[in-house]
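I opened this notebook to record what I looked up in one structure. The entries follow the order in which I looked.

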Amino acid sequence: MAGAVQSVVSLSKALPMNGGNGLYSYANNSTYQNKAIVAVKDLITEAIAEKLDTSLSSSNTICITEMGCSVGPNTFVAVQNIVEAVLNKYQNLVHDHSRLPEFLVFLNDHALNDFNTLFTSLPPDRNYYVAGVPGSFHGRLFPADSLHIVHTSYALQWLSQVPEEVEDVSSPAWNKGRVYYSSAGDQTVKAYEDQFAKDLDCFLHARAQEVVCGGLIMILVPGRLDTTPHDRVFSNISYDILGSCLMDMAKMGITSQEKVDSFNIPIYFSSPREVEATIEKNGYFSLERLECLPLEKSQDTIQQKARAVSYHIRAGLEFLLKEHFGNEIIMDELFDSFNKNLEKSQVFELGLTYSLFALLKRKTTLID
Ligand SMILES: C[S@@+](CC[C@H](N)C(=O)[O-])C[C@H]1O[C@@H](n2cnc3c(N)ncnc32)[C@H](O)[C@@H]1O
């Protein structure tokens, strides 16, 4: 059994966000994700009020997992929203408040995540117990029937790997001259789309064993409308600009063309239709709600916005870039050029930003 658990936790490539509390840390550069978490607070409250079955837990403990938690502080906001919503629901149902549930929250991320920063910044006045669970959410992480609520925000867009054919020079999906799929050929786009569907299916398959029948999964993920072309998504345009900066560095001889050709960002922005099709095909969960929400545009100046985007993307991609390019590329130089190119680009006028929110309920019939 121990061997089986080991083999699933190493399923995906770990690409941690920048840890600590420094200038380029995730903790200090994730207000964009925070806005999305705040924007869905009412949807979460409604979901729990309407769909959480209060007889799910045979003890008085509700087990929640927050998957892809990174280092905070956003993860604590998301957890607090859920705990408050559950307490509200119970307060309306039980008159003896000493019988309100207790909460055990499992904070999950890859083992390389900066769990020290996460745990040292836990809210001191929290009304829930906490445990850390390292490993990939694309595989099993919990015993069978042990979870009541699963929440994940801004994590499922990370693919378990770059699709193999995108890195295969003999494949029509090979992504030469680019680091991302959004302005690539159809085969490259299809390879990314398929990888996302495969990864989401693995995530659901693992959760289907772990979540009790009637338990809920809440997914918040950056995405796009069914009608939004990939090259109009704000982040996608930004990644293409980053790619052109890397190409410029290759032309200047700072790195090689081959190194850029073999670098691809393992992120995919899905649409409601794609998410729905995967959930249906997977079959373990009913889709109770699916929303595509636009994110509020910032009123900052172009310079402020470019700096925020460049810090934000650095917090998320620095590990990956360093791993691939080693010391050839100096991060300050790359992100300085990225910042300048963002300022000159049309990304702030043309780029579209949406979040997808999906509420799933574990079906009561076991099909596996
Ligand atoms: C952009 S951060 C989101 C953090 C936080 N949920 C928030 O909304 O601010 C994405 C996190 O998902 C984690 N992640 C990506 N793929 C994962 C996987 N397969 N298993 C566990 N964590 C994963 C990353 O390591 C990263 O910490």
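The entries below cover cavities, a helix, the ligand and some backbone angles.

**Entry 1: the model**
I note at the outset that this is a predicted model.

**Entry 2: the largest cavity**
Rolling a probe the size of a water molecule over the atoms shows where empty space is left. I searched the whole structure and found two cavities of 30 Å³ or more. The largest cavity holds about 600 Å³ of space.

I then asked which residues lie nearest the centre of the largest cavity. They are Met17, Tyr154, Ala155, Gln157 and Trp158, out of 42 residues that line this cavity. Two or more lining residues come from each of helix H2 (31-39), helix H4 (74-93), strand S2 (102-109), helix H7 (234-251) and helix H10 (302-325). H10 gives the largest share of this lining, with five residues. Sorted by class, I have 19 nonpolar, 20 polar and three charged residues in the lining of the largest cavity.

**Entry 3: the second largest cavity**
For the second largest cavity I recorded a volume of about 50 Å³. Its lining consists of Leu156, Phe196, Leu200, Ile219, Val221, Ser270, Val275, Leu356, Phe357 and Ala358. At least two of the lining residues come from each of helix H6 (186-210), strand S5 (211-223) and strand S7 (354-362). S7 supplies the largest share, three residues.

**Entry 4: helix H7**
I returned to H7, one of the elements that line the largest cavity. How far apart are the end C-alpha atoms of H7? They are 26 Å apart; with 18 residues at 1.5 Å a residue, H7 should span 26 Å, so the two values agree. I also checked burial, for which the cut-off is under 20% relative accessible area. Of the 18 residues of H7, 14 are buried, and therefore the helix is largely enclosed by the rest of the structure. Just after H7, I found Gly253 with a positive phi of about 85°.

**Entry 5: the ligand**
For Gly68, I found a polar backbone atom 2.8 Å from a nitrogen atom of the ligand. For Asn74, an N or O atom of the side chain is 2.9 Å from an oxygen atom of the ligand. For Phe137, a backbone N or O atom is 2.9 Å from a nitrogen atom of the ligand.

**Entry 6: the loop between S1 and H4**
Most residues other than glycine have a negative phi, and most peptide bonds are trans. I looked for departures from both. The loop between strand S1 (61-67) and H4 contains Pro73. The peptide bond that joins Gly72 to Pro73 is cis, with omega near 0°.

Ser70 is also placed in the loop between S1 and H4. Ser70 has a positive phi of about 55°, although it is not a glycine. Is Ser70 buried or exposed? I count Ser70 as buried, because its relative accessibility is 5%.

**Entry 7: the loop between S3 and S4**
My last entry concerns Asp145, in the loop between strand S3 (129-134) and strand S4 (147-153). Asp145 is a residue other than glycine with a positive phi, near 50°.

Note on methods
Residues are numbered from 1 along each chain as its sequence is written. This is a predicted model: local features need pLDDT of at least 70, side-chain atom pairs count only at pLDDT 80 or more; totals for chains, interfaces and linings use all residues. Side-chain values use heavy atoms; hydrogens and water are left out. On a 1 Å grid over the protein atoms alone, a cavity is a set of points where a 1.4 Å probe fits but cannot get out, and a pocket is an open set with protein on both sides within 12 Å along at least five of seven lines; lining residues have an atom within 4 Å of a point. Grid points are joined across faces, edges and corners, and a volume is the space filled by probe spheres set on the points. Helices (H or I, at least four residues) and strands (E, at least two) are DSSP runs, numbered from the N terminus. Ala, Val, Leu, Ile, Met, Phe, Trp, Tyr, Cys and Pro count as nonpolar, Asp, Glu, Lys and Arg as charged, and the others, Gly among them, as polar. The expected span of a helix is 1.5 Å times one less than its number of residues. Buried means under 20% relative accessible area, exposed over 50%, partly exposed in between (1.4 Å probe, protein chains only). A polar contact is a pair of N or O atoms within 3.5 Å; within protein, one must be able to donate a hydrogen and the other to accept it, and residues adjacent in sequence count only if both atoms are side-chain atoms.
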